[in-house]
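Biologist: I'd like to get to know this structure bit by bit. Could you put it up, and then I'll ask away?

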Amino acid sequence: MARIELNEVVHSYLPKPKSESDYALKRIHNVWDDGGACALLGPSGCGKTTLLNIVSGLLTPSRGRVLYDGKDVTELPPEKRNIAQVFQFPVLYDTMSVFNNLAFPLRNRGLSEIKVKERVLEVAEILDLTPFLNKRAEGLAADAKQKISLGRGLVRSDVAAILFDEPLTVIDPQMKWYLRQKLKDIHEEFKLTFIYVTHDQVEALTFADQVAVMFEGEIVQIGSPQDLFENPEHRFVGYFIGSPGMNFLECTIEGNEARVDGAGIVLDEETAAKGRKASGKLELGIRPMYLEVHARSGDGMVKARVKGVEDLGSYRIVALMLEGQTLKARLPEDKPVPEGEVWLAFPPQWTKLFADGRLIS
Amino acid sequence: MEKWPNNKAWLLVLPVFVIVAFSAIIPLMTVINYSVQDIFGPGQSVFVGTEWFREMLADHRLHDALWRQFVFSGLVLLIEMPLGILIALAMPKKGWGVAVCLVTVALPLLIPWNTIGTIWMIFTRPDIGLFGAGMNNLMGIPFDHTDNWLDAWITVMLMEVWHWTPLVVLMAYAGLRAIPEVYYQAARIDGASAWSTFLYIQLPKMRGVLTIAFLLRFMDSFLIYAEPFVLTGGGPGNSTTFLSIYLVKIALLQFDLGPGGAFSLIYFVIVLLFCFIFYQALLRVGKGEKV
């Protein structure tokens, strides 16, 4: 178990990177606390796996240091770091039995057979693998295989952290739920440091107590799932988290109002004051579930037109046109579906202002 | 079962049937026909039943050739399979070296078989060959593959290994390249040694291609003819007379078509039988359940 620290880590796969875009990781400076369940969330190609491989030691960063409990391990190979990694596709030693698969990391480290057996049986019990112990790993289902991969990490009782690289990609939906629960249970029981890479926000938000959102080689925000939802610090976080993502409207600031072409939306005074000073492209952001849709005009409301309604069972998504820009609102199913012209209210506490993609606060 | 009203589609199989007939069935039938007759000349033949088969099966020169053939094929597999895997493991994984290595390694496979025999015959000639003369004059080790049976065997084995190991190398290399990088990463994280990585990842993942390489090498080495024929002509004495060389002696040099036909069929059955046994055995390798 360890606290993992990344100190100004930069990585490029090219031997001589020239421009900013040659870097897979731009500048990562981050600490994962001992015993935390952390998720790394981001779209494909944003550098999540690169970052994970740097933590595990499969890659050495171009610059920067990796520290475990304050000890510099940047130059150490993975086998010396005492870390476990579960990959996207289950990696097994096909010709070995499940027992031998689980015992493999221990035997490689020279543990006595008695201790190996004790440990393997214990881990197999936790992962419900006991009935398969004598079976060959090759013929098992994907979820059992992935549990074996996980088990190979768990058997080492002194493991610094377990890294997961989109481990549930190949698992059936109903098994996904079960395995995610299993992971949470294991985390609670052993208090291991878990770092979980995924592009699935549901997975990240349900699994982790701390989520780092990555975008184009950078960590754009770290926070609790609630934080990320309510206070996105970056346009990308707003867009990527939530279904559908945050609405963004290009705007200008006049007084206490954000002007979207003809329409004026009232902001709270503090935000408006900062917005007046900010430079760059200004955008107003609001989550679809906080956007209020009214049939009648009221104080501070702006007029919009309903373009379409999508019924998703427990709620409806209403697509709206506001001064030539598209917005989405999320309505509970018991609310009447508006038609034609409607009036939108933007609650000031949920209306955020972004300059060049970053939150003004 | 319902019958199809129109069976003309079967006619589409005809071209293939004709080709197979000409390439395999008719020649095979001819051989079977020869094997049961004593042929004196055109139009003069007597049906003899299984006489030739009985004669050939009892022929001690055939036994010797068969025994020699097994030793030869066994040595070929014992040397070429591990050597091929070793070379494949040592080859570069990326960069310009890959193309250079692949082409260099594959070169012996591109040379006509007769030419290979000729190359090695000249190379190992005790008087003027680079290898032969070098052994005799520079190293002071007497070497003459035309006179000494062991030297003849060494020469034939060297030639065979030089000629055919590349095939094993190419197949093993293809098998190695097909292993996803993530297996090696997992092995590193599990702290596996290079030997464990080979034993538990590389070898099992190469099983498919190695099975095919094994079968191909067994078959080809069991049927070898042109190279030893050119190099040693089966000598000295009968020491390198393998099955096909002996067969050609009977069928074409002595023109004993009947015994030759019987021999061919026995030969054919042996090859089929061993390929079947090996294939079944290799399919089962490592499939049992154990603790």
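Biologist: What percentage of the 361 residues of chain A count as buried?

Modeller: Keep in mind that this is a predicted model. A residue counts as buried if 20 or more other C-beta atoms lie within 10 Å of its own. With that cut-off, the buried share of chain A is 43%.

Biologist: How many helices and strands are there in chain A?

Modeller: The C-alpha atoms of chain A fill a box of roughly 75 × 50 × 30 Å along the principal axes. Inside chain A, the count is ten helices and 22 strands.

Biologist: Into which domains is chain A divided, and how far apart do their C-alpha centres lie?

Modeller: Chain A splits into domain 1, covering 4–234, and domain 2, covering 243–359.

Biologist: Which element of chain A gives the largest share of the side that touches chain B?

Modeller: Start with the contact itself: 25 residues of chain A meet 18 residues of chain B. Helix 2 (78–81), strand 6 (84–86) and helix 3 (98–108) of chain A each bring at least two residues to that side of chain A. The largest share is four residues, and they come from helix 3 of chain A.

Biologist: And how do the residues on that side of chain A divide into nonpolar, polar and charged?

Modeller: Sort the residues of chain A that touch chain B by type, and you get 13 nonpolar, six polar and six charged.

Biologist: Why is helix 3 of chain A described as largely enclosed by the rest of the structure?

Modeller: Look at the run of buried residues in helix 3 of chain A, which includes Val98(A), Phe99(A), Leu102(A) and Phe104(A). Among the things covering them are helix 4 (113–126) and helix 5 (142–154) of chain A. Helix 3 of chain A is largely enclosed because, of its eleven residues, the number buried is nine.

Biologist: Which residue just after helix 3 of chain A takes a positive phi?

Modeller: Just past the end of helix 3 of chain A, there's a phi of about 75°. The residue that takes it is Gly110(A).

Biologist: Which residues have the most contacts inside the largest nonpolar core?

Modeller: In soluble globular proteins, nonpolar side chains tend to be buried together. Here the largest nonpolar core has 83 residues, and helix 3 of chain A gives the largest share of it, six residues. The residues with the most contacts inside this core are Ala161(A), Ile195(A), Tyr196(A) and Val213(A).

Biologist: Which residue takes a positive phi in the hairpin of strand 9 and strand 10 of chain A?

Modeller: Strand 9 (residues 210–215) and strand 10 (residues 218–223) of chain A pair antiparallel over five bridges, with Ala212(A) opposite Ile222(A). Two residues sit between the strands. The one with a positive phi, near 45°, is Glu216(A).

Terms used. Residues are numbered from 1 along each chain as its sequence is written. Chains are lettered from A and ligands numbered from 1 in the order in which they are written. This is a predicted model: local features need pLDDT of at least 70, side-chain atom pairs count only at pLDDT 80 or more; totals for chains, interfaces and linings use all residues. Domain bounds come from an automatic or database domain assignment. Two residues are in contact if their C-beta atoms, placed from the backbone, lie within 7 Å. Ala, Val, Leu, Ile, Met, Phe, Trp, Tyr, Cys and Pro count as nonpolar, Asp, Glu, Lys and Arg as charged, and the others, Gly among them, as polar. A residue is buried if 20 or more other C-beta atoms lie within 10 Å of its own, exposed if 12 or fewer, and partly exposed in between; C-beta atoms are placed from the backbone. A nonpolar core is a set of buried Ala, Val, Leu, Ile, Met, Phe, Trp, Tyr and Cys residues joined through C-beta atoms within 7 Å. Two strands pair if DSSP finds at least two bridges between them.
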